[in-house]
Amino acid sequence: MNLLTVENISKSYGELVLFSDISFGINKDQKIALIAKNGSGKTSILNIISGKDNSETGQVTYRKGINIAFLEQEPSLNPSLTIEETIFSTDNEILKVIANYEKAVQNPDDAEAYQKAFEAMERNNAWDFETQYKQILFKLQLDQLDLKVSMLSGGQKKRLALANALLTKPDLLILDEPTNHLDLEMIEWLEAYFTKENITLFMVTHDRYFLERVCNEIIELDNNHLYGYKGNYSYYLREKEGRMEREAVEQHKSKLLFKKELDWMRRQPKARTTKSKSRIDDFKEIKQKAHQRRIEHQVQLELNMERLGSKILELHNVSKSYDDKTILEKFDYNFTKGERMGIIGQNGTGKSTFLNILTQNETIDGGKVVVGDTLKFGYYTQKGITAKEGQKVIDVIREFGDYIPLKKGKQISAQQLLERFLFDRKKQYDFVEKLSGGERKRLYLCTVLIQNPNFLILDEPTNDLDIVTLNVLESFLLDFPGCLIVVSHDRYFMDKIVDHLFVFRGNGVIEDFPGNYSDFRAYENSKVIAKREAKTNNPEKAEKTNWKQKDDGGKLSYSEQKEHKRLEKEIQKLEEQREVLQNKFTSPDLSGDEIKQLSIELKEVSSSIEEKTERWFELSAILEG
C-alpha cells in the first residue's frame with residue numbers, strides 16, 4: 001500500500017542546486033534510509049516530504065488520512081511544558097484518555113468522573129499504552145516527568161521529541177539522524193524497537209550498524225541520481241560495488257567514443273553548416289558522460305608529527321566529583337605510544353569530563369595529571385566551530401596553519417587537506433555560513449588536524465557526518481601514528497578505529513576492556529547467557545530460591561515461574577536457530593532474493609530473542625529481589 005509519492009522535486013539556493021527532478025515512493029512497512037554526501041540536500045528532502053518546506057518543482061502526494069511524524073535534528077518544543085505535559089500535548093487520543101484518568105485519580109471525591117475515566121481506560125486498552133509510554137521515557141532517560149523542557153539539554157530535547165514521535169503511532173515516521181544524542185544502550189534499544197514494530201520508516205542516518213539491522217531498503221542520492229537497493233547496508237555495499245564496476249566499464253567505452261567523436265568534430269570545416277544535428281546532440285551527451293569523475297578520497301598520509309617522549313600522559317590517584325556524583329575516584333592510568341582507546345558509557349557518567357581533565361580544561365579534586373613535554377593535543381569537542389561573519393572556508397583553516405609536514409620533507413597544504421575531506425577548490429571559497437551542519441563539522445575536523453597534534457581526542461566526531469566523510473576520517477585515523485581517544489556512539493566507527501575501551505559504569509567505576517565495541521557486546525551477552533545457563537543447570541538451587549521467595553511473600557506467581565522456565569528453553573532454541581541462519585550467509589551461491597529473505601528471517605529471530613530476554617530479565621529481577 002502506497003503511503004506517499006514524490007514526483008520530480010527540486011531544491012536550490014541561488015546558483016547552488018542541491019537536487020532536481022527527484023522521484024520515489026514510500027510503501028507501508030518499508031524501512032528506507034536515504035544516503036548522500038553532506039550538502040546534497042538530505043534534510044531538505046525530509047523537510048519537503050514532511051510538509052515543512054516546499055519543492056520548487058513537482059509534487060508530493062500523500063495517501064488520504066495519513067498520519068506523519070517527523071523527528072528533526074533540532075526539534076521545536078514548548079519550553080514552558082514539562083516532559084509529561086509535552087507527551088500529553090500530542091494528538092494521540094489514548095494519551096488524552098490517560099491524562100483524564102490521572103486527573104480523576106487526583107480528585108477522588110468525584111466518583112462519577114473517576115468511573116468514566118476508568119471505563120475509558122478499559123475501552124481503549126490504555127493500561128498497556130501507559131506502561132509502554134513510561135517504558136519508552138525510562139529507556140530514553142526521561143524519567144523526571146515534572147522537569148521543564150527549558151531545563152533540558154539539547155540531547156534530552158532530541159530524545160523527548162523521539163519519544164513523542166514514537167508514541168503518536170504514525171503511519172509514517174520520518175527521522176533525521178535519530179541516533180544522535182543517544183548513548184549505545186539507547187541505540188540498541190531503538191534498533192530492537194524498530195525491528196519488531198510494524199512501522200514504516202524513512203530516515204537519514206550515518207549509523208551503519210543501524211542501517212544494517214533496521215533498514216530493508218536504501219536509496220542513494222549520488223550526483224543528482226537516485227539509486228535504489230532492496231536490502232540492508234551489506235546488500236547496498238555489495239550492489240553499489242557492482243554498479244560502480246559497470247559504470248567504470250561504461251566510462252571507458254564513453255571515453256573511447258568521446259575521443260572518436262572529438263576527432264570527427266575537429267575535422268569539420270568551421271564554416272560548414274550541414275552537420276547532422278542529431279550527431280552533435282549525441283556528442284554533447286557523450287561528453288557529459290566522459291567528463292564525469294568519481295574521485296574516491298583514500299587518505300594515505302605519513303604524518304611527520306612531533307615525536308612522543310617516554311612520558312606521554314599519566315594520571316595518579318585522580319578524583320573528581322560534582323556534589324554527590326562521582327566521576328573518578330583515585331584513578332590511575334599511564335598512556336603509552338600508539339594508544340587507540342574508545343570510551344563508552346551511558347550519558348551522564350562523566351566521559352566528556354574525563355576528556356576535559358586530560359586536556360586540563362577541568363580542575364580535579366585530588367591526585368595529579370602529568371603531561372609529557374612533547375605532547376600536543378588535538379581536541380575535537382561537541383561545541384563545533386565558531387566562524388567570523390563573512391569568513392571563507394579556506395580562511396578558517398589558514399588561521400591554524402598553512403600545511404601539515406609529512407615524512408621525507410613533503411607536506412600537505414591547507415587546500416589539499418580540505419580536498420581530502422571533500423571540499424573541492426570551489427567550495428573552499430564559499431562562505432562558512434552557507435555550509436550545512438555536516439559540512440561545518442567536517443571543516444571543524446580539518447581545523448583540528450591542520451595543527452598536526454600527536455595526541456588526538458575526538459568527542460562524538462561522527463555526529464552529522466555522512467558515510468562518505470566517515471570513510472575518509474576512518475582512513476585518516478587508521479594512518480594516524482600518535483595516541484588517539486574516541487568517544488562515540490557510532491559502533492561501526494569504534495569497531496574500525498580502537499583497540500581497547502574504557503567502559504564508564506557510573507559512580508567512578510571505569511573498566512578497561514581489551515577489545516573493540518563488538519567484542520565488548522559479545523562478552524557482555526556471554527555473561528548473561530552463562531548466568532541463565534547456571535540457573536537452568538541448577539534446578540535444585542532455583543527451586544530453593546523459588547521456595548524462599550514464596551515463603552517471604554511469593555513475588556513470582558506460579559504461572560510466572562512457569563513462564564520464567566519456559567523462556568529459558570525458548571531463548572536457547574532461538575539462539576540455535578539464529579546461529580543456523582548466520583551460517584547460511586557464508587554460502588557464495590546465495591542470490592540477492594535469498595539474501596534478502598535470510599535477512600528478514602534473521603531480524604525476526606533476533607527481535608524475538610531480544611523480546612523474550614527482556615521479559616526473562618524482568619522475571620529474574622523479581623525472583624532475585
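**Entry 1: the chain as a whole**

A residue is called buried when its relative accessible area is under 20%. With that cut-off I looked up the overall figure: of the 625 residues of the protein chain, 46% count as buried. I note that the model is predicted. For the secondary structure I recorded 20 helices and 20 strands in the protein chain. I then turned to contacts between residues at least 6 apart in sequence, and found that 68% of them join residues at least 24 apart.

**Entry 2: aromatic pairs**

I searched the whole structure for aromatic pairs, and the search gave 22. I examined the pair Phe194 and Phe210, whose ring centres are 6.2 Å apart; the planes stand at 80 degrees, so this pair is edge-to-face. Phe194 belongs to helix α7 (residues 184-196) and Phe210 to helix α8 (residues 208-214), so the pair ties together parts that are 16 residues apart in sequence. I checked the accessibility of both and found Phe194 and Phe210 buried.

I also noted a cluster linked by ring pairs, which consists of Phe331, Tyr333, Phe335, Phe354, Phe377, Phe455, Phe502 and Phe504.

**Entry 3: helices α3 and α5**

I next looked at how helix α3 (residues 93-105) packs with helix α5 (residues 126-139): the angle is about 95 degrees and the axes are 10 Å apart. The two helices, α3 and α5, are therefore roughly perpendicular to each other. I listed the residues that make the contact: α3 supplies Ile94, Leu95, Val97, Ile98, Tyr101 and Glu102, while α5 supplies Ala126, Trp127, Phe129, Glu130, Tyr133 and Lys134. Sorted by class, the contact of α3 with α5 has 9 nonpolar and 3 charged residues, with no polar ones.

**Entry 4: Phe118**

I located Phe118 in helix α4 (residues 111-123). Its relative accessible area is 29%, and Phe118 is thus partly exposed. Leaving aside neighbours within four places in sequence, I found Phe118 in contact with Tyr101 and Trp127. I had already listed Tyr101 of α3 and Trp127 of α5 in the contact of those helices. From Phe118 to Ile98, which is 20 residues away along the chain, the C-alpha separation is 9.2 Å.

I placed Tyr229 in strand β9 (residues 225-229). The relative accessibility of Tyr229 is 4%, so this residue counts as buried. Beyond its neighbours within four places in sequence, Tyr229 is in contact with Glu217, Ile218, Glu220, Tyr235, Tyr236, Glu239, Lys240 and Arg243. I looked up the C-alpha distance from Tyr229 to Glu217, 12 residues apart in sequence, and it is 5.7 Å.

Arg243, one of the residues in contact with Tyr229, has its charged end over the ring of Tyr227, 3.5 Å from the ring centre. I recorded a further arginine over a ring: Arg442 lies over the face of Phe423, at 4.8 Å from the ring centre.

**Entry 5: positive phi values**

Most residues other than glycine have a negative phi. His181 is in the loop between β6 (172-176) and α7, and at 30% relative accessibility it counts as partly exposed.

I also noted Lys330, with a positive phi near 50 degrees. Lys330 lies in strand β11 (residues 325-335). Its relative accessibility is 62%, so Lys330 counts as exposed.

Definitions and conventions:
Residues are numbered from 1 along each chain as its sequence is written. This is a predicted model: local features need pLDDT of at least 70, side-chain atom pairs count only at pLDDT 80 or more; totals for chains, interfaces and linings use all residues. Side-chain values use heavy atoms; hydrogens and water are left out. Rings of Phe, Tyr and Trp (its six-membered ring) pair if their centres lie within 6.5 Å; planes under 30 degrees apart count as stacked, over 60 as edge-to-face and the rest as tilted. Helices (H or I, at least four residues) and strands (E, at least two) are DSSP runs, numbered from the N terminus. Buried means under 20% relative accessible area, exposed over 50%, partly exposed in between (1.4 Å probe, protein chains only). A charge sits over a ring if NZ of Lys or CZ of Arg is within 6 Å of the ring centre and within 35 degrees of the ring normal. Axes are lines fitted to C-alpha atoms, for helices over the stretch in contact, and angles run from 0 to 180 degrees between N-to-C directions. Angles under 35 degrees count as roughly parallel, over 145 as roughly antiparallel, 65 to 115 as roughly perpendicular and the rest as oblique. Contact means heavy atoms within 4.5 Å. Ala, Val, Leu, Ile, Met, Phe, Trp, Tyr, Cys and Pro count as nonpolar, Asp, Glu, Lys and Arg as charged, and the others, Gly among them, as polar.
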